[in-house]
Amino acid sequence: MLTLLPPTMTLATLLSWLLHSSLLLGAGWLMYYLVLRHERCFHYNRCFLLLAPWLALVLPPVLEALSPLLLSVLPAWGRPAGSSLLGGSLLLPSVQVVASGSAGGSALPDALALLPMLYAGVVLLLLARLAGQLLQLWLTARRWPRQVRAGYTVLYTTGQRPVSSFGRWIFWDETAPLAPAEAELIFAHEVAHVQQGHSWERLLLEVVRALLWACPFVHLFPRALALTHELLADFQAIEQAPSSAHATAESYTTLLARMALRQLHPDLPLRHSFTQSFTLTRIRMLTSQSPVRRWKQWLALPLGAVLLLTMACEKAAEPNAPAATTHDELVAPPPPPPPAEEAPAPPPPPPPAYFYVEQMPEYAGGQEQLVADLSKLAKYPAAAKAEKLSGRVFVGFVVAADGTIQGIHLKKGIEFSVKYPGNSGKQMSTKISTPGAQALNEAALNAIRSLPGKWTPGRQDGQAVAVMYTAPISFSLK
């Protein structure tokens, strides 16, 4: 699953991914804790607790990959397909320009750039720990006598471990003081764990827990899933117990309480234990007579839809987000000079253009060729390397009705907000652009101006029309 963490992942990408995953996990946990936790819809809760962390893991990068499509679809929900826009534009795939930085930069930002590697290192350590627990379980179990039965294997622990199960193994303490009927009930409980594949679900959840270890909510899901597994096994044990066991909810809870009061044994990781698992909660659920409120299960649909729409809209608004990061951003530049009396005239606005049309413009060779051409044309300026400067530049342009590129302009460049004391003593702020930042902005503009490929113009109602685009070009230093 480490393929979800690409080698070129930057610190900003990692933090954005973790933030969105934490948002989804937090909403999912609140849904479970406030709405589903006391409901006896155990199969639904089991699927919810298992799938929610995996969806939180994969949805942010999937939405990132689909952001160009979302940008072309989401605005169409709120306006006619041919409505004219001056401020909006379709976001093209991001172009990455990577260069080696010069020596002598700040040590702290360089260390921050290594955080994605450190994060991946912790993931590997947690996965190795999980593999070590499986190895310990196997080494401990292989020395006990066993009996192979249909669908599972019974391992006799001779009192060294309590009754429990993992995978297709049932660890059975033949020295436990149990009546035959009680032994049949407990054995049916462990067989239910095996038949329903609970151990493999716990392993899957432990894997995603390792991948999202920095998200605090992910550590709450394994315990909740383990409780749900115990409740599922409890109810199956009561329903499928042999007639000689005379199983009722009351007799089963009495047995559960008595077994929980026994002396604790040394524990093995990852097992489902009958004697040490959420005893009071299991008793309450087994004796509850309240009906299952099915309407609560449907609340996950509107909650998920709202979260996905919010994240999709955030991706659509990405060009308006802060665009720059720098290795020297902890060193405040000197206060800016007083503004000149006459500011330079702003550049002329781009010509009127559509945001989205029925037939979008096409670059010769498609978007893959467009990204390849921009990657070749965007050169990392020496001034930006000297300042150890990196960031993302958004360039807007219009594909005119004749297929030419017009109205090339800087939509969001690299700049810095600087605070300084004003004449009245009140703190003020202004935005400045260093020579390196200006060079990066100009390099992105020149890459768009120098595109060699031709465009097939877009069409609306059969007529060739102008369409506005935004090209994000990211500059990063190794």
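Two strands count as paired if DSSP finds at least two bridges between them. Keep that in mind for the second stop of this tour. The model is a predicted one, in which local features need pLDDT of at least 70, side-chain atom pairs count only at pLDDT 80 or more, and totals for chains, interfaces and linings use all residues. Residues are numbered from 1 along each chain as its sequence is written, and side-chain values use heavy atoms, with hydrogens and water left out.

**The whole chain**

Start with a cartoon view. The secondary structure comes to 14 helices and 19 strands; these are DSSP runs numbered from the N terminus, with helices being H or I of at least four residues and strands E of at least two. Now colour by burial: of the 478 residues, 44% count as buried, where buried means under 20% relative accessible area, exposed over 50%, and partly exposed in between (1.4 Å probe, protein chains only).

**A hairpin**

Next, select residues 146-149 and 152-156, which are strand 4 and strand 5. The two run antiparallel and are joined by four bridges. Show Val 148 and you will find its bridge partner in strand 5, Thr 153. Strand 4 and strand 5 form a hairpin with two residues between them, and Gly 151 in the turn has a positive phi of about 95°.

Move to helix 1 (residues 11-36) and helix 8 (residues 221-240), which pack at an angle of about 35° with their axes 12 Å apart. Here axes are lines fitted to C-alpha atoms, for helices over the stretch in contact, and angles run from 0 to 180 degrees between N-to-C directions. Show side chains for Leu 25, Gly 28, Trp 29 and Tyr 32 of helix 1 and for Phe 221, Ala 224 and Thr 228 of helix 8, which make the contact (heavy atoms within 4.5 Å).

**Helix 7**

Select residues 198-211. At 1.5 Å a residue, the 14 residues of helix 7 should span 20 Å, and its end C-alpha atoms are 20 Å apart, which agrees; the expected span is 1.5 Å times one less than the number of residues. Buried residues here include His 198, Glu 201, Glu 206 and Leu 211.

**A loop residue and its partners**

Finish at Glu 358, in the loop between strand 10 (353-354) and strand 11 (362-363). Is Glu 358 buried or exposed? At 53% relative accessibility, Glu 358 counts as exposed. Leaving aside neighbours within four places in sequence, Glu 358 is in contact with Arg 459, Gln 460 and Asp 461. Draw a C-alpha to C-alpha distance from Glu 358 to Arg 459: the two are 101 residues apart in sequence and 6.3 Å apart in space.
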